[in-house]
Structures are given as C-alpha cells and as structure tokens.
Amino acid sequence: MQQVAIDYDKVLNEVFEQVTDLTGIGQVADYIPELKVIDPKKFGIHLATVDGQHFGVGDSEQRFSLQSIAKVFSLILAIKFEGGDLWRRVGVEPSGTPFNSLVQLELEKGIPRNPFINSGAIVICDVLCDHFENPKEDLLVAIGELCGNANISYNEKVAQSEKLSSYTNTAHINLMKAHGNINHDIDKVLDVYFHLCSIEMSCRELAQAFLFLACKGVDPVTNRKVLTVGKSQRINALMQTCGFYDEAGEFTFKVGLPGKSGVGGGIIALCPGKYAIAVWSPKLNAKGNSFKGLKALELFTTKSATSIF
C-alpha cells in the first residue's frame with residue numbers, strides 16, 4: 001500500500017489555529033517562583049523530520065526551562081556509564097502517583113519507580129556524580145555533545161528558584177540516603193539536579209536534539225551513533241510508559257507516541273523513523289502536563305495519522 005506524503009506545514013498550522021483559542025484552562029507551575037512569571041500565553045510547536053525538514057509555528061524559537069524533559073538526557077548519560085547495572089538503583093515501572101510523591105519511595109525502601117519521577121532523576125544525578133569530576137560543568141558539556149548543541153545553558157535564576165523551594169526534593173533525597181541509595185553529599189547531588197532541570201532550549205532545538213531517538217540511536221544529520229539500537233529502544237519504551245507521570249496512559253491512549261513532559265510547559269514526542277516534535281505552552285493541567293501541548297499533539301497525530309499503534 002502506497003503511503004501518502006504528509007503536508008506537515010499544513011497540519012501544524014491547522015493544529016496551532018485550533019489550539020491557540022483554548023484559554024482559561026490550566027495554570028503555570030507556581031510552586032517554582034521563577035516559572036510563575038512566565039507569560040502563560042506563550043505557545044510554540046516545532047517538528048523536525050529524519051530527512052532534515054523543519055516546520056515551526058508560534059513561539060517555537062524561544063527558549064524555555066526544560067525541567068523534567070532534561071531527565072531524558074541525564075538518563076542516557078547514566079546508561080552509557082552504567083549499562084544494565086543502573087536498574088539496581090532505579091526501576092522501570094510507571095509510578096501511578098504524582099511525580100513528587102514520597103509514598104511509594106518509602107514503601108519500596110528508597111528505590112524510585114522510574115528515572116523520570118523526581119526521586120528517580122535525583123538518583124541518576126547521584127550516579128553521574130560517580131563519573132564526572134565537576135558534575136555541574138561536565139553535565140552541561142556532555143548533554144551538549146549528546147544532542148549536538150554546544151550552545152545550551154543553565155538558567156541560574158531558575159536553578160536557584162528551585163533550590164529555595166526544594167523541601168519535597170530534600171525529603172526524597174534524605175529518605176533515599178537513609179536507605180543507602182545515595183552515595184554523594186546531598187547538597188552536591190541536589191545542586192546538579194536543580195541545574196539539570198533549569199536547562200533551556202527552544203522547541204526547534206529540542207526537536208532537533210531528540211531526532212536520534214527516532215532513528216535507532218543515530219543522529220540523522222551527522223550520522224553519528226549516539227546510542228545503540230537496544231538502548232535507544234529502552235529509552236523510548238520508558239518515555240512511552242513513564243514520560244508523563246501518572247498521565248502516561250492517557251498520553252499513550254490519545255497521542256500514541258513516546259514522549260516526555262516538563263512542568264515548564266514543554267513536551268517532546270517522537271515517531272520512530274519519521275520525526276521529533278516539541279510543543280511549549282506554560283499552563284499545566286492537574287497532572288503537571290501542558291494542557292495546550294497535550295491537545296496539540298493529540299490533534300497532530302490524529303490529523304497526520306502518525307501514532308505508532
């Protein structure tokens with residue numbers, strides 16, 4: 001059966017027009033003071049295809065705080081260092097509870113359910129402290145090399161804002177330290193974690209950075225092998241099952257792509273062999289995911305018929 005070429009530019013513009021008018025729904029992440037001041041009306045989408053095409057609309061060139069999206073990068077680095085040994089310290093199951101919940105962590109004796117909830121990402125940062133001499137500086141360089149973008153940076157205001165409101169994350173790391181799942185100084189690990197979450201990218205940069213996960217671990221622009229096929233598949237599987245906190249099932253049901261969200265309002269998703277698409281809209285739903293972003297991606301995969309299922 002012959003495949004019909006998709007007019008991505010037309011579909012993106014249709015989606016943008018339909019979703020732009022959705023107002024008054026959701027709220028920005030006000031528990032991180034620096035994110036509270038972001039203009040809630042910002043909205044951008046960018047799609048990058050594996051054959052080098054780019055399609056953007058709205059605020060797709062403006063950088064925003066990646067927050068939990070950056071946890072995919074730190075996980076990839078940890079897997080490259082640790083391989084299968086990593087899974088002794090963090091699980092691969094959906095949490096079924098909010099991303100900052102302490103309940104499961106206590107019941108499961110300091111082993112986080114997966115690397116994308118806060119506790120899991122903190123363990124990953126502890127792992128990276130085993131391998132980086134200057135973790136905060138080395139992490140930024142490594143992520144830049146990983147995604148082929150040497151110009152990414154931390155937002156120090158966001159990092160410090162996270163530090164000042166870090167009571168729950170501090171509870172997480174202390175509980176894990178008590179169970180022997182944190183090796184390094186608590187303040188050092190948390191500093192790495194806060195800076196990881198403060199990394200900024202635009203939708204365009206983010207879509208480009210994730211393209212290698214749509215190409216079995218190979219950057220289609222440079223033909224550079226970033227990950228093995230097997231590790232790339234595992235990252236995608238984790239994004240599919242755990243990438244949206246306790247809304248991962250809903251995202252799979254409505255959108256049908258592996259992806260990852262962040263409380264900065266960003267979402268990255270990818271269709272293997274075809275494209276990576278990034279969306280940014282700061283207003284979040286009750287589960288901590290971008291309301292407009294989710295709706296845009298649902299409409300996009302419906303109109304383009306590009307769900308993986």
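How many helices and strands does the secondary structure of the protein come to? The count is 13 helices and seven strands, where helices (H or I, at least four residues) and strands (E, at least two) are DSSP runs numbered from the N terminus. The model is a predicted one, in which local features need pLDDT of at least 70 and side-chain atom pairs count only at pLDDT 80 or more, whereas totals for chains, interfaces and linings use all residues. Residues are numbered from 1 along each chain as its sequence is written, and side-chain values use heavy atoms, with hydrogens and water left out.

Turning to overall form, the C-alpha atoms fill a box of roughly 55 × 40 × 35 Å along the principal axes. The radius of gyration of the protein is 18 Å, which agrees with the value near 19 Å that a compact globule of 309 residues would have; this radius is taken over C-alpha atoms, and the globule rule is 2.2 Å times the number of residues to the power 0.38. Of the 309 residues, 56% are buried, a word that here means under 20% relative accessible area (1.4 Å probe, protein chains only). Among contacts with a separation of 6 or more, 68% are accounted for by residues 24 or more positions apart, a contact being heavy atoms within 4.5 Å.

The accessible surface comes to about 13100 Å², and 52% of this belongs to carbon and sulfur atoms, with areas computed by the Shrake-Rupley method with a 1.4 Å probe. The protein carries 30 positive and 34 negative side chains, and the centres of the two sets lie 3 Å apart; Lys and Arg count as positive and Asp and Glu as negative, while His and the chain ends are not counted, and each charge is placed at NZ of Lys, CZ of Arg, CG of Asp or CD of Glu.

The cysteines come next. If a disulfide is a pair of cysteine sulfur atoms within 2.5 Å, the count of disulfides is zero. Cys125 is in no disulfide, as the nearest cysteine sulfur, that of Cys129, is 7.0 Å away, and Cys125 is buried with a relative accessible area of 0%. Cys147 is likewise in no disulfide, the nearest cysteine sulfur being that of Cys203 at 15 Å, and Cys147 counts as buried at 6% relative accessibility.

A last stop is Ser232, which is found in helix α11 (residues 229–242) and counts as buried because its relative accessibility is 1%. Leaving aside residues up to four places away in sequence, Ser232 touches Phe212, Leu213, Lys216, Gly217 and Leu227. Ser232 and Gly91 are 141 residues apart in sequence and, C-alpha to C-alpha, 17 Å apart in space.

Terms used
Buried < 20%, exposed > 50% of the residue type's maximum accessible area, 1.4 Å probe, protein only.
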